[in-house]
Amino acid sequence: MRFEKICKGFEYWNRKSHIHLGLFLLLFIWLFAFSGLLLNNGHWELSDFYDKRKETKTVTSIHIPLSRDSVTLIKNIVSQLKN
């Protein structure tokens, strides 16, 4: 009798958890399906932004210091890029 009650309780919570977990994961399935449609169908007007984008390029010369310590090197390069 007690074993049957435990089994019924387990079945109830097992079913509930699977339903809720499935609904949660369904959100991500829809998200990936929609983004895949947008990326694979370039002729749609939703993805027309790529042709209308504006690109900017910045060319900066960097002087590498003689010290090869990674922290010093990174700090030096970052300070040169801020100027």
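A polar contact is a pair of N or O atoms within 3.5 Å; within protein, one must be able to donate a hydrogen and the other to accept it, and residues adjacent in sequence count only if both atoms are side-chain atoms. This is a predicted model, in which local features need pLDDT of at least 70 and side-chain atom pairs count only at pLDDT 80 or more, while totals for chains, interfaces and linings use all residues. Residues are numbered from 1 along each chain as its sequence is written, and side-chain values use heavy atoms, with hydrogens and water left out.

**Stop 1: Gln 80**

Select Gln 80, which lies in helix H2 (residues 70-82). Helices (H or I, at least four residues) and strands (E, at least two) are DSSP runs, numbered from the N terminus. The side chain of Gln 80 makes a polar contact of 2.7 Å with the side chain of Asn 76. Leaving aside residues up to four places away in sequence, Gln 80 touches Ser 61, Ile 62 and His 63; contact means heavy atoms within 4.5 Å.

**Stop 2: the whole protein**

Zoom out. The protein has two helices and zero strands. How many of its residues count as buried? Of the 83 residues, 5% do, where buried means under 20% relative accessible area, exposed over 50%, and partly exposed in between (1.4 Å probe, protein chains only). The accessible surface is about 8,500 Å², and 66% of that belongs to carbon and sulfur atoms. Accessible areas come from the Shrake-Rupley method with a 1.4 Å probe; for residues, only the protein chains shown count as cover.

**Stop 3: aromatic pairs**

Rings of Phe, Tyr and Trp (its six-membered ring) pair if their centres lie within 6.5 Å; planes under 30 degrees apart count as stacked, over 60 as edge-to-face and the rest as tilted. There are two aromatic pairs by this rule. Select Tyr 12 and Trp 13: this pair is edge-to-face, at 5.2 Å centre to centre with 80 degrees between the planes. Tyr 12 is partly exposed at 42% relative accessible area, whereas Trp 13 is exposed at 60%.

Next select Phe 24 and Phe 28. Their ring centres are 5.3 Å apart and their planes at 75 degrees, so this pair is edge-to-face too. Phe 24 and Phe 28 are four residues apart in helix H1, so about one helical turn separates them. Phe 24 is partly exposed at 48% relative accessibility, and Phe 28 is partly exposed at 34%.
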